[in-house]
Amino acid sequence: MDAVMSAVHALEREGRLSIAAPKPATDEHVLLVHSTEYFKKVQDEIAGGRRTLSTGDTEISPGSLGAALAAAGAVVSGVDAVMGGKAQRAFCAVRPPGHHASASRGMGFCLFNNVAIGARYARRKYGAERILIADWDVHHGNGTQEVFWSDGSVLFFDTHQHPWYPGTGAPAETGEGKARGLIFNRPFPSGSGRAQVLGAFREALVPAAERFKPDLVMISAGFDSRLGDPLGEFTLTDQDFAELTDIAVGIARQYAGGRVVSVLEGGYALQGLSLGVTAHVSRLVA
């Protein structure tokens, strides 16, 4: 968070953005996505002093519940700002990340699925009927996919390294029921970068968005797909993140009144994370 906020504060000093203090998520917000049983499990295990969440590879500490509620609340606040007309675009600098958390399971460093909570909230409070979630984290957003697998209100587009954690995200995973054909997975091998990821966004996401016509664009912005990250083997550069952002903003301008809510996911090389966030947010505020 220090690395991320150093980038954000530098842009603030240039007068390019303003920083808002979000409110923590309420129980009602969390329960838009997660089961009552899972929410209680998280509360009980943190209160009980466990070091890891029983449902997956996620370290926890006494402050984890507060951090996770703050992260989800930042996205809710971002949706309020954008859907309420106070801002056109928002970047939610959150940790823990969220895209591996499903309705009943936390895993992969994720307790609550921040972007999914934001999407459900946008639908519930503001009546957003069609929401695009684009995920460029190096890992597949299996939790987000599971939450919206048969939902029908979300187009989920994911580029990720494969084979890699968590092992999901095959092209044949395309949703079912009302969401059939609204899940797009584009897995690529180790060493992939600009040609593959930007190519997928341009050649698959743009036409899918043209058909879907989203009311709101959301981004799961993971910077572990950047060259040099210790938990990924993709080779994206800061310029690539800028151009990925341009694609998402272009879709938003065409169909969603310019509305974008971007949510931080992974990214574990501190300098790379700061530089990637700078490239991304600079284009969000352009």
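Q: Before we start, what should I know about the numbering and the atoms used?
A: Residues are numbered from 1 along each chain as its sequence is written, and side-chain values use heavy atoms, with hydrogens and water left out. Since the model is predicted, local features need pLDDT of at least 70 and side-chain atom pairs count only at pLDDT 80 or more, while totals for chains, interfaces and linings use all residues.

Q: Is strand β5 enclosed or open, and how many of its residues are buried?
A: Two terms to begin with. Strands (E, at least two residues) and helices (H or I, at least four) are DSSP runs, numbered from the N terminus. Buried means under 20% relative accessible area, exposed means over 50%, and partly exposed is in between, using a 1.4 Å probe and protein chains only. Here, six of the six residues of β5 (residues 216-221) are buried, so the strand is largely enclosed by the rest of the structure. You can check both faces: L216, M218 and S220 are buried on one side, and V217, I219 and A221 on the other.

Q: Which strands are joined to β5 by bridges?
A: Two strands pair if DSSP finds at least two bridges between them. Strand β2 (residues 131-135) runs parallel to β5 and is joined to it by five bridges; in that pair, I131 is opposite L216. Five bridges also link β5 to strand β6 (residues 260-264), again parallel, and I219 has S262 as its bridge partner there.

Q: How does the chain get from β5 to β6?
A: It goes through helix α8 (residues 238-255), in a right-handed β-α-β crossover. Right-handed means that, with the strands pointing away from you, the path from the first strand over the helix to the second runs clockwise.

Q: What span should α8 have?
A: The expected span of a helix is 1.5 Å times one less than its number of residues. For the 18 residues of α8 that gives 26 Å, and the end C-alpha atoms are 26 Å apart, which agrees. Buried residues of α8, among them F241, L244 and I251, pack against elements including β5 and β6.

Q: What does R226 touch?
A: Contact means heavy atoms within 4.5 Å. R226 lies in the loop between β5 and α8 and is buried, at 16% relative accessible area. Leaving out residues up to four places away in sequence, its contacts include F234, F241 and L275. A polar contact is a pair of N or O atoms within 3.5 Å; within protein, one must be able to donate a hydrogen and the other to accept it, and residues adjacent in sequence count only if both atoms are side-chain atoms. The side chains of R226 and D238 make one, at 2.7 Å.

Q: How many disulfides are there?
A: A disulfide is a pair of cysteine sulfur atoms within 2.5 Å. The count here is zero. The closest cysteine sulfur to that of C92 is in C110, 15 Å away, too far for a bond.
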